[in-house]
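Please look over the chain below before reading on. The notes that follow are grouped by topic.

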Amino acid sequence: MSALPVLSQQAGRTPEGIAEPRTAMPRTRVGHDGPCHLEAALNDFGLGKESINGLGPGAYLVNVLPSTVLVAGAFAILSSRIYPWSSPIRGVRPGVESVVATVRESPVTALVIFASSVLFVTVVLRPFQISAVQWLEGYWRDRSILRIAHEFAVERHQRRRGLNLVRLQAIPEEEPRLPRFDVVAAQQRARVRHRRRQEAAMEVISQQYPDQAEDVMPTLLGNVLRRAETGAGERYGLSTVHTFPRLYPYLSPRLAQENETQLNVLDASATLAIVIGVLAALSSPFLIRFDAWSAVPVALLLVAGVSYRGARIAAQRHGVVLAAAFDLHRFDMLSAMHRRLPRDAREELAENAALTSVLEGEPAIRQRPWKYAHPAPGEGPGTAR
């Protein structure tokens, strides 16, 4: 998807035990009207998630945990009777005591209802998981109500990106011909501050924003994921979105496992940020009580922010893993496609650009002819030279 996904489904597993490819970032291709998702491409190859039981522990982290938090949190908020208009239970104070009293009335029934609600929410919300995470990425352009907000948010991030680019190009002041000690000390401090600003700006540009201004997204998570999807295979002339499903089967087990882990953390953190945000909205009437309970929605918003930050950090690490996959295994993919391996970087860029055009849907006959390298009899497809 947008380089690999935002609310993505978990990957299945191959017979060898390696997780199938999956991603969570949506991405718009040049020359296309709508977003192209890496995960959607993987599903086209039959690599999508089939069922929770077939996914392993990651499915529970991404699907069951957020549903449990949502159901438990909603139950606690509603049964606490803290709403200003709620009638408290006789002899029971609103808050934790009210929640405990509600459960004690019928613990078995409460447990059955809770488990059933978690299962119901997990099943019902599962189809909307990818859309929810894409919303966090900032794919609002097609929603007319949020179109203006989308434009303002994109402009804000473009300004932030431009400001950091300016800081990278700034030049310190020249030294005076006859410097005094205090002037030299002040200039030295200025150089240190300037160097630190440049280092911070370089970190922002290299980790948080795509290379091209037109690829900037309205949210920071979306920009981090867009950076990953436009910086992994594109360095070698390959479209990350179109080539990753072909490259994934040749990842080493450790790299495939790390990729799956980071995607699970990304999906779980993004989903929890949305779930806790919903709970904060549900508890927002507590604010008008003007007592200790008024801090509940504020605390929930802080937790949602921390979860969102966790999703962004996982997205950055996922970008590193994705880049490593192309660094180490792109030639394995080319060999499996019986493509002749390039002799130098210039030839690699040209050949990969032609291959990307074919994978994007352009007929191969329109590309300049390329030579195949078929394996010798008895050799596997990955041994072609």
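This is a predicted model: local features need pLDDT of at least 70, side-chain atom pairs count only at pLDDT 80 or more; totals for chains, interfaces and linings use all residues.

**Helix 12 and its buried residues**
- The buried residues of helix 12 are Glu347, Glu348, Glu351, Asn352, Ala354, Leu355, Thr356 and Leu359.

**Helix 9 against helix 11**
- Helix 9 (residues 240-247) and helix 11 (residues 295-336) pack with their axes 10 Å apart and at an angle of about 65 degrees, and the crossing of helix 9 past helix 11 is left-handed.
- On the side of helix 9 the contact is made by Thr240, Thr243, Phe244, Arg246 and Leu247, which meet Leu322, Ala325, Phe326, His329, Arg330 and Met333 of helix 11.
- Sorted by class, the residues in this contact of helix 9 with helix 11 are 6 nonpolar, 3 polar and 2 charged.

**The chain as a whole**
- The chain has 12 helices and 2 strands, and its elements run β-β-α-α-α-α-α-α-α-α-α-α-α-α from the N terminus on.
- Of its 385 residues, 43% count as buried, while the accessible surface of the chain comes to about 21000 Å², with 61% of that area belonging to carbon and sulfur atoms.
- Among contacts in the chain with a separation of 6 or more, 69% are between residues 24 or more positions apart.

Key:
Residues are numbered from 1 along each chain as its sequence is written. Side-chain values use heavy atoms; hydrogens and water are left out. Axes are lines fitted to C-alpha atoms, for helices over the stretch in contact, and angles run from 0 to 180 degrees between N-to-C directions. Helices (H or I, at least four residues) and strands (E, at least two) are DSSP runs, numbered from the N terminus. A crossing is left-handed if the near helix is turned anticlockwise from the far one by less than a right angle, and right-handed if clockwise. Contact means heavy atoms within 4.5 Å. Ala, Val, Leu, Ile, Met, Phe, Trp, Tyr, Cys and Pro count as nonpolar, Asp, Glu, Lys and Arg as charged, and the others, Gly among them, as polar. Buried means under 20% relative accessible area, exposed over 50%, partly exposed in between (1.4 Å probe, protein chains only). Accessible areas come from the Shrake-Rupley method with a 1.4 Å probe; for residues, only the protein chains shown count as cover.
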